[in-house]
Amino acid sequence: MVKPTRVTNRIRALRFEHGQMTQADLANHLGVTRQTVIAIEQGRYSPSLEVAFQIARVFRVPLDDVFQYPDQPETLP
């Protein structure tokens, strides 16, 4: 069983903010399948760094406006 990623994203919100872009439209821009976009949106799959940057570029926003990673308290040795 694949463990879901803790990385969250705003892809769905960004799609709607950018003219009701469909998952298929985004997939075409990225050169991936619609199923890949669905899995990334749902947090079941973390994209490669290259695809993550491509997603940010499609929406013309910084990478951290698309993806967030929860802050963890630092553990000292």
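In which loop is Gln 20 found? Gln 20 lies in the loop between H1 and H2; helices here are DSSP runs of H or I with at least four residues, numbered from the N terminus. The model is predicted, so local features need pLDDT of at least 70 and side-chain atom pairs count only at pLDDT 80 or more, while totals for chains, interfaces and linings use all residues. Residues are numbered from 1 along each chain as its sequence is written, and side-chain values use heavy atoms, with hydrogens and water left out.

| Residue | Phi | Loop |
|---|---|---|
| Gln 20 | about 55° | between H1 and H2 |

Now to the packing. Helix H2 (residues 23-30) meets helix H4 (residues 49-59) at an angle of about 115°, with axes 10 Å apart; axes are lines fitted to C-alpha atoms over the stretch in contact, and angles run from 0 to 180 degrees between N-to-C directions. H2 contributes Leu 26, His 29 and Leu 30 to the contact, and H4 contributes Val 51, Gln 54, Ile 55, Val 58 and Phe 59, where contact means heavy atoms within 4.5 Å.

Leaving aside neighbours within four places in sequence, Leu 26 also touches residues including Ile 11, Met 21 and Val 37.

Notes:
Helices (H or I, at least four residues) and strands (E, at least two) are DSSP runs, numbered from the N terminus.
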